[in-house]
Amino acid sequence: MRELWDALLPLGRDPASGGYRRHGWDAAEAECRAWFRSAARDRGLTVEEDGNGNLWAWWGEPGGDAVVTGSHLDSVPDGGAYDGPLGVVSALAAVDLLRARGVRPRRPFAVAVFAEEEGSRFGIACLGSRLLAGRLDADHARALADRDGVTLERALSDAGADPAAIGLDHERLRRIGCFVELHVEQGRGLVDLDAPVGVGSASWAHGRWRFDFAGEANHAGTTRLADRRDPMLTFANTVLSARKKARQAGTVATVGRVEVTPDGTNAIPSLVRAWLDARAPDAPTLAEVVAATERAAHERGGRDGVDVTVTQESGTPETSFDAALVHRLAELLGGVPVLPTGAGHDAGVLATAGVPAAMLFVRNPTGVSHSPAEHADWSDCEAGAEALARVLEDLVA
Ligand code: GLV
Ligand code: MN
Ligand code: MN
C-alpha cells in the first residue's frame, strides 16, 4: 500500500502550494490514470475504460452482480492527497490483502476510478458516474466548457476517447451488484467518536448555481457613486445573504469561485460571475435557502441597477446509502460508527440510480479537506484498507 501511495503522491502536485491539480482529462490526471492502469496490470487485473471515461479493473471476468470498489483520482484546485486517491489505493491494497489470504472472488469484482468527480474542470461534480447513470444529458455534457473554453467533447477527443459514446450505460450500471467507496472523512466525526474507521449512512442534498451579475463598466475615478451600476456590490451582498440564509436554516452555503470582467483595478466591472455551492439535509430546505438567496440578489440588484441571472448547473438530492449494506458493513467491522456526510460522492450518485452503495470513512484528524492541508494518519489509512478488505471478502464470497 505504501508503494502504491508513494508512486501516486508526486503526480499533479503543485510545488508552490503543495496541493494537487488533477482535473478531468488534463495532463496530471492522465498520469494518474496511467499509474492506475499500471498498478492494476501488476496485479493481473484487466483494465477497461467505459464510454464515460471511468476506468474498471476486473479481477477475473467482468460480469453481473459485481462487487465494485474504488473512488476517483481527480482533485479540486489545490486539493489534498487523500480525497479520492485514498479510496483507489485502498481498493488495490485490499486486492493484495485478499490474494495473500487466498480469497478467490465468487462474484465478479472490479476496482473503479470515476472521472471528474470534483467537477473542477467542467463544473459538474461526479461527471463520470452521473453520465454512466444517465443523470446528465449527454448533449448538454458534451457542450460543457472549461475555463479556457475547451469543451468536454474536445477534451475527450484529445484524450483519444469517443465523445459520442458518453451517456447512460445501462448495461454497465446493471452489472454493479454493490459499490463500496472508501474515502477520507471530510469532517471531524470520527475524531469525536475516537474511531479510525466508520461507515457512511447518507449524504446531504447539494447543488451548484451560477449567479451572473451584469452592470456597467465605467471609470473608477470619475464615475460618481450615484451614477454607478456596480455588480460587485450586488455580488458582495449576495455572498453575505447566502451565508445568513444558510445559518438561519442550519445548512451550508459557499461561494468559492468568482470571475470578474474585465478584472481591472481601476474599472467598475461590467460582469461578476460567481458560483454558489449550497447543501442541506434535504432537498426542500436546500431549495428554500437558494430561493431566499436569489430573492436577496434580485432585491439588491434592483437597488444597484444590476441584472441578476441565476442558472442551476447541477443538483443531487439527499441520498441514503443502502440500509442493509450499511448495517452489514458496520456489523462486519465490529460495530464501528455510522455517520452522514455533507460531501458528495460517486457512491451517492450510484445510490440515487438504484445501485446498493455504501461508504467507509477513514478518520481525518483535523477534518480539513479540499485543501493541501488535508491529512490522515498512515496507521488509520492501513486500518481503512484492512476494513475494506474485510467487507470485500464477505461480499465476494
Ligand atoms: C466533493 O468532494 C464535494 O462534496 O464537493
Ligand atoms: Mn472532494
Ligand atoms: Mn472525493
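Ligand 1 is surrounded by Glu118, Arg279, Ala343, Gly344 and His370 in this predicted model. Three of these residues direct polar side-chain atoms towards oxygen atoms of the ligand: for arginine 279 the separation is 2.7 Å, for histidine 370 it is 3.0 Å, and for glutamate 118 it is 3.1 Å. Considered alone, ligand 1 exposes 190 Å², of which the protein buries 93%.

Aspartate 78 is located in the loop between strand S3 (66–72) and helix H3 (85–100).

The cysteines remain to be considered. A disulfide is a covalent bond between the sulfur atoms of two cysteines. A search of the whole structure finds zero disulfides. Cysteine 126 is in no disulfide, and the nearest cysteine sulfur, that of cysteine 32, is 17 Å away; a pair counts as a disulfide only within 2.5 Å. Cysteine 126 is buried, with a relative accessible area of 3%. Cysteine 381 likewise takes part in no disulfide, its nearest cysteine sulfur being that of cysteine 32, at 17 Å. With a relative accessibility of 0%, cysteine 381 counts as buried, because the limit for that class is under 20%.

How values were computed:
Residues are numbered from 1 along each chain as its sequence is written. Chains are lettered from A and ligands numbered from 1 in the order in which they are written. This is a predicted model: local features need pLDDT of at least 70, side-chain atom pairs count only at pLDDT 80 or more; totals for chains, interfaces and linings use all residues. Side-chain values use heavy atoms; hydrogens and water are left out. Helices (H or I, at least four residues) and strands (E, at least two) are DSSP runs, numbered from the N terminus. Buried means under 20% relative accessible area, exposed over 50%, partly exposed in between (1.4 Å probe, protein chains only). A residue is near a molecule or strand if one of its heavy atoms lies within 4 Å of it. A polar contact is a pair of N or O atoms within 3.5 Å; within protein, one must be able to donate a hydrogen and the other to accept it, and residues adjacent in sequence count only if both atoms are side-chain atoms. Accessible areas come from the Shrake-Rupley method with a 1.4 Å probe; for residues, only the protein chains shown count as cover.
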